Amino acid sequence: MEHNTHERLLIIDFGSQVTQLIARRLRELNVYCEIHPYQNVTDAFLADFAPKAVILSGGPDSVTREGSPRAPDSLFGMGIPVLGICYGQQTMMTQLGGKVVSGEGTAEFGRAFVTPQGKLQLLDGWFATDKEQVWMSHGDHVSEIAPGFVVYGTSPNAPYAITADVARNFYAVQFHPEVHHTPNGAKLYENFVRLAGFSGDWTMGAYREQAIAAIREQVGDSHVICALSGGVDSSVAAALIHEAVGDQLTCVFVDHGLLRLNEAEEVVGMFRDHMNLHVIHAEEQDLFLGELEGQSDPETKRKIIGKLFIDVFQKYANGIDGAKFLAQGTLYPDVIESVSFSGGPSVTIKSHHNVGGLPEKMGLKLVEPLRELFKDEVRALGRELGLPASFIGRHPFPGPGLAIRCPGEITRAKLDILRKADAVYIDQIRKHGLYDDIWQAFVAILPVRTVGVMGDGRTYDYACALRAVTSVDGMTADYYPFSHEFLGETATRIINEVPGINRVTYDITSKPPGTIEWE
Ligand code: XMP
């Protein structure tokens, strides 16, 4: 396997729900790390990966079960620092000669307090008071530590909450330092990587240099095409590839007529005029809106848009001479293999919704320069590349665009009304300084007209719904608790400024059971 040139830390994943958080804590410390499922970490893998340190994650299994997961024994002979967490701690103890028991009195779930026992560098900055809050989630516990280990912290149900064999640089904790509920947890990771001698060489500046060199080597003098949506991932990928190969990159911005107010001009203007990228503005509004005419079923609408998008992208891409590569903004969470207990590791690779399937169809190879990055790192890289803050902090916008915010039949007239209302709403959110607190906000135009009164006249216009949610990853979401004052002011502005709307409602559904979009 090819590796980047940074110092590497390996996280062996035993299936914990929070393993990704370990990686994020380490990346925040400028340490490059990768997560690999335990099934893949063979002796040969370890030798090839050559980690500078290893962390063993938590996991749902019990080490007391015959055939439960283990780290390769060779790991403990490599002379590198190892930190075991929860299940990782228990397998480490078992493999090194200690004992783990399950049964009555061994479980501990939720908040717990650890009290110290002696001094340990891993705990620098801990125990300013006589105890530290930690998050426990274990059914079994270590009943006998392995030879060479010493106890440095205990909790009511974990007599060996923190142990270490300092001479070998082996550390083991029963709790989860990576979660929010272990308030001082980041400090443990900081101490661990310092003890392991990491220099903190993983910075976005360094990544930019390395990624550019890698793109140049991969692409050579071929041409790259990129579907630019104006979202953070495709924008950062395009800016990076452009820096690497300049005019060998052509971006295609598909304008399906379902974009927000001035969106096409802003995206094309920024990339073409300010950043000098070669951007094809595919003005295909008539095609998309024509095919959508008369369609009101959500899935049919999505399918029409998805298929046309591929057709259109392919048409423009075919016109680009020598295109051999397709750029995609795939991120690290999309490529981490998850631990599966039903056989081999299961691969969860999410294909980009818009261009999935295209590489094979067109015989293109993929360039995925963000594959090693978390979303917050993509934003940091975008800033490093000089993309404006307004682009980097943008709310997500779905590929099918306004189509899924216009339940029922789509007409140009309704889209125009929706665009104006949405612009007023987002303007309100920005003016009140709320944009960055909200994951995503938009207006949906409802397929219903209602009666109102304006001045002395009767109106019969569309109703709309405002949507604003908080979320971490879009998988679950909560509605944003606007003040009544904000909602009232926004409703008044929309009704006054947007002809065609005479009623405004606020959607207070969380996800689940709702979804963020209306279709
Ligand atoms: P839902 O509505 O499923 O949306 O709760 C979750 C997140 O995904 C976005 N979304 C999409 N993004 N293509 C996309 O690129 C799509 O087809 C699509 N559908 C939903 C949505 O905006 C939200 O951020």
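**Helix packing and sheet architecture**

In the predicted model, helix 5 (residues 204-219) packs against helix 12 (residues 375-384) at an angle of about 80°, the two axes lying 9 Å apart. Helix 5 is therefore roughly perpendicular to helix 12, since angles of 65 to 115 degrees fall in that class. On the side of helix 5, the contact is formed by Met204, Gly205, Tyr207 and Arg208, which meet Glu377, Ala380, Leu381 and Glu384 of helix 12. Classified by residue type, the contact of helix 5 with helix 12 comprises four nonpolar, one polar and three charged residues.

The model also contains an open sheet of nine strands with mixed pairing, arranged in the order 2-1-3-4-11-10-9-6-7. From one strand to the next, the twist averages 25°. Within this order, strand 10 (residues 158-165) and strand 11 (residues 170-173) pair in the antiparallel sense over four bridges, and Ile162 is positioned opposite Val173 of strand 11.

Two helices that pack on the sheet are described here. Helix 1 (residues 19-28) touches strand 1 (8-13), strand 2, strand 3 (53-56) and strand 4 (82-85), and the direction of helix 1 makes about 165° with that of strand 2. Helix 3 (residues 87-95) touches strand 3, strand 4, strand 7, strand 10 and strand 11; the direction of helix 3 makes about 120° with that of strand 4.

Methods. Residues are numbered from 1 along each chain as its sequence is written. This is a predicted model: local features need pLDDT of at least 70, side-chain atom pairs count only at pLDDT 80 or more; totals for chains, interfaces and linings use all residues. Side-chain values use heavy atoms; hydrogens and water are left out. Axes are lines fitted to C-alpha atoms, for helices over the stretch in contact, and angles run from 0 to 180 degrees between N-to-C directions. Angles under 35 degrees count as roughly parallel, over 145 as roughly antiparallel, 65 to 115 as roughly perpendicular and the rest as oblique. Contact means heavy atoms within 4.5 Å. Ala, Val, Leu, Ile, Met, Phe, Trp, Tyr, Cys and Pro count as nonpolar, Asp, Glu, Lys and Arg as charged, and the others, Gly among them, as polar. Two strands pair if DSSP finds at least two bridges between them.
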